[in-house]
Amino acid sequence: MLCKVSYFLSAIVRAPMSCPLHFAANLSWLFPELDNLCHRVEAAAQAGFKAVEVAWPYETEATELKKALEKNGVELVLINTPPGNKAKGELGLGALPMQQTEFRTGLDSAVKYAKIVGCKQIHLMAGRVPEGLDRTSVAKAMEATFIENLKYAADILLKEGLLGLIEPINSRITDPRYFLNTPQQAARILQQVDRPNLKLQLDLFHCQIMDGNLTQNITNYFPLIGHVQIAQVPNRNEADSPGEISYSYIFSLLEKLGYQGYIGCEYAPKGNTVDGLGWLRRYWRNRDSEKPADGAECQ
């Protein structure tokens, strides 16, 4: 009887082992020394990545990219919906009134591409406040449009087994006219859309610039988070470069919260991409050394 009680108490006291985090190379930013997307896939695999993400892969034939992914044993975990008309300064169409048809056409293209390459997540880009218009004057119309488009997209994505993501992009440094710019705004919109296959894409670079308070924001919005991206603030370089964010602390926090999604490395390398991956190699090495000898699975 005593043995059973002791075993029961030890099971309660024993802290669950946290899982190692999973990282994806953002090939729109990393390996800029290589022009060809498929070559970047190969370079990412050689650097140790098992997953990659790409903002707009559409200039590369989906079947060609699929071959490169399969050849290198790499998974594509995220793409964006098409940006729209770049000549007109568009960066997504989701919140733009009177462009629902263009948004749906772009969504259809993204879904078809994602299915071919085996990608399970699509970032549904909100877009910019139109040139010459005041953000405050169009905020209600843009939010209503975004919510309508997200509901439509969620239904399409659900049929295909895909997850939709929305990402706040900071309007202080990166894009002053981007409509969706804070995690608070994103959370409010997700609550109004109320679809289980729509989640928050939390880029900690943007979040730190707009709101800071990363511990509280990550914790508060954790149930909504489907994808995380990282870069140091303010220069958007490697996680261990000088800046405002302690990523060793952030990684520990995400592990404690039980984050199981991917962390996209969306930053501008200060030099050669591989030379700048020391922070990630250290993480992999440290977590590998912490694996239990008995082969127990993390929870």
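This is a predicted model: local features need pLDDT of at least 70, side-chain atom pairs count only at pLDDT 80 or more; totals for chains, interfaces and linings use all residues.
Strand S2 (51-53) runs parallel to strand S3 (residues 75-80), and 3 bridges join the two. Within this pairing, Val-52 has Leu-76 of S3 as its bridge partner, and S2, H3 and S3 together form a β-α-β unit that is right-handed. From S3 the chain passes through helix H4 (residues 100-117) to S4 in a β-α-β crossover that is likewise described as right-handed. S3 pairs with strand S4 (residues 121-123) over 2 bridges, again in the parallel sense, and Asn-80 is found opposite His-123 of S4. Of the 6 residues of S3, 5 are buried, and the strand is therefore largely enclosed by the rest of the structure.

The pairing continues from S4 to S5, which are parallel and share 3 bridges, with His-123 standing opposite Leu-165 in S5. The unit made by S5, H6 and S6 is a right-handed β-α-β unit.

The loop between helix H6 (183-193) and strand S6 (198-203) contains Asn-197. This residue has a relative accessibility of 7%, and because buried means under 20%, Asn-197 counts as buried. Apart from neighbours within four places in sequence, Asn-197 is in contact with Ala-154, Leu-157, Leu-158, Leu-162, Leu-163 and Gly-164.

Helix H2 (residues 37-46) has as its buried residues Leu-37, Cys-38, Arg-40, Val-41, Ala-43 and Ala-44. The elements that cover these buried residues include strand S1 (22-26), strand S2 and helix H3 (62-72). Just after the helix, Gly-48 adopts a positive phi of about 110 degrees.

In soluble globular proteins, nonpolar side chains tend to be buried together. In this model the largest nonpolar core holds 88 residues, of which Phe-23, Phe-49, Ile-230 and Trp-279 touch the most other members. The element that gives the most to this core is helix H5 (residues 135-160), with 8 residues. When residues up to four places away in sequence are not counted, the residues that Ile-230 touches include Phe-23, Leu-204, Tyr-247, Phe-251, Ile-263 and Trp-279. A second core, separate and made up of 6 residues, includes Ala-24, Ala-51, Leu-78 and Leu-165.

A search of the whole structure for disulfides finds 0. For Cys-119, the closest cysteine sulfur is that of Cys-38, which at 15 Å is too far for a bond. Cys-265 is also in no disulfide, the nearest cysteine sulfur being that of Cys-119, 16 Å away. Both of these cysteines lie below the cut-off for burial, since Cys-119 has a relative accessibility of 1% and Cys-265 a relative accessible area of 0%.

Terms used
Residues are numbered from 1 along each chain as its sequence is written. Side-chain values use heavy atoms; hydrogens and water are left out. Buried means under 20% relative accessible area, exposed over 50%, partly exposed in between (1.4 Å probe, protein chains only). Helices (H or I, at least four residues) and strands (E, at least two) are DSSP runs, numbered from the N terminus. Contact means heavy atoms within 4.5 Å. Two strands pair if DSSP finds at least two bridges between them. A crossover is right-handed if, with the strands pointing away from the viewer, the path from the first strand over the helix to the second runs clockwise. A nonpolar core is a set of buried Ala, Val, Leu, Ile, Met, Phe, Trp, Tyr and Cys residues joined through side-chain atoms within 4.5 Å. A disulfide is a pair of cysteine sulfur atoms within 2.5 Å.
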